[in-house]
Amino acid sequence: MLITSLKEVLSLAKNQKQCIAVASAEDKDVLVSLSEAERHGMATFLLFGNALKIKEVMEENNLTFRHAEIIHVQSPEEAAYEAAKAVSENRAQMIMKGLLDTKVLLKAVLHKDLGLRGPGLLSHVMVYEVKNYPKLLLLTDGGMVMKPSLKDKEAIIDNAYTLGKILGLAPMKVAALSAVEKVNPHLESSTDAAALKETYKGHPGILVEGPLSFDIAISKASAEHKGVTGDVVGDADVLLVPTLEAGNFLGKSFTYMADADSAGVILGAKCPVILTSRSDSSEAKLNSIALAVLMTITEGEK
């Protein structure tokens, strides 16, 4: 089934009651999004952090939970470790970042004793619903891998494919972005894009084309005007960006200039990691929870 909107993601995640381990849960926006998730029956919660502060935030914002356990810990590091441990022990199905640094959370996720590290790279995928684009648009990686090598980009595509299959993308059309449409030996993004196109040639579920400029990746009219043809041009499912900065700029332009709705998750671990920006709205955080829940229940059905 092809999923074309975040509203569909929310609908599929309702009443699934997956358990989320939240690291450093003493954050207003996180708790508000959790309250909404509980209202939809999506999840139950293990809230790790300063118990007094968590309760204060809940009282200040009139938040109550029927299915949440508050577990007091002494530090963000302990909160991250205990949240990851909860997943490792099958007491929770996914992890969510609260009021702590991303590196602290990921250090716990990658802790060798907990067994949550996957076989490859961790990467971040944002899913955008842009008003004038006919389907969901995945953007990767604008949140984790700063300057990915060619091998890293292969891992990023493979991670995105995990989500692409769940969203019903068959094949998943990947636009390897650059500033040009022809290979320039002095522009690494273009040479990498051409190499990735060859690597995935014949793949049954992934179609990669590149190098492609952003306008050609998402606009058939632009592609026709420039005389560029292909199965991905103007119809990309995934925008593979050359650097973290490019993904960060492009994603925020979708949010602030195009008023796009969004959801984000870290892939590559043995469970979804819900990683949202401090500036994300409660709605975006709820979308991210729903996306992680959908991933968990879909993986569980296999």
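Leu10 touches Met42, Leu286, Asn287 and Ala290, leaving aside residues up to four places away in sequence. Contact here means heavy atoms within 4.5 Å. Leu10 lies in helix H1. Helices (H or I, at least four residues) and strands (E, at least two) are DSSP runs, numbered from the N terminus. Leu10 and Tyr133 are 123 residues apart in sequence, and their C-alpha atoms are 19 Å apart in space.

## About the model

This is a predicted model: local features need pLDDT of at least 70, side-chain atom pairs count only at pLDDT 80 or more, and totals for chains, interfaces and linings use all residues. Residues are numbered from 1 along each chain as its sequence is written, and side-chain values use heavy atoms, with hydrogens and water left out.

## Two domains

The chain is divided into domain 1 (6-118 + 269-299) and domain 2 (123-258). These bounds come from an automatic or database domain assignment. The C-alpha centres of domain 1 and domain 2 lie 29 Å apart. Domain 1 gives 11 residues to the contact, and domain 2 gives 10 residues.

## Where the domains meet

How much area do domain 1 and domain 2 bury between them? The value is about 900 Å², with 74% of it on carbon and sulfur atoms. Buried area is the accessible area (1.4 Å probe) that two parts lose on being put together, summed over both. Across the interface of domain 1 and domain 2 there is 1 residue pair in polar contact, both at pLDDT 80 or more. A polar contact is a pair of N or O atoms within 3.5 Å; within protein, one must be able to donate a hydrogen and the other to accept it, and residues adjacent in sequence count only if both atoms are side-chain atoms.

Now take the side of domain 1 that touches domain 2. Helix H1 (6-13) and helix H11 (282-300) are the elements that give two or more residues to this side. H11 supplies the largest share, 5 residues. By class, this side of domain 1 has 7 nonpolar, 2 polar and 2 charged residues. Ala, Val, Leu, Ile, Met, Phe, Trp, Tyr, Cys and Pro count as nonpolar, Asp, Glu, Lys and Arg as charged, and the others, Gly among them, as polar.

## Salt bridges

The structure holds 11 salt bridges. Each is a side-chain nitrogen of Lys or Arg within 4 Å of a carboxyl oxygen of Asp or Glu. Between domain 1 and domain 2 the count is 0.

Asp237 lies in the loop between helix H9 (220-226) and strand S9 (238-240), and Lys135 in the loop between strand S5 (123-129) and strand S6 (137-140), so the pair ties together parts that are 102 residues apart in sequence.

## Backbone features

Most residues other than glycine have a negative phi, and most peptide bonds are trans. Lys17 has a positive phi, near 50 degrees. Lys17 is in the loop between H1 and strand S1 (18-23).

Two peptide bonds deserve a look. The bond from Ala170 to Pro171 is cis, with omega near -5 degrees. Pro171 is in the loop between helix H6 (150-166) and strand S7 (172-177). The bond from Gly210 to Pro211 is also cis, with omega near 5 degrees. Pro211 lies in strand S8 (residues 206-212).
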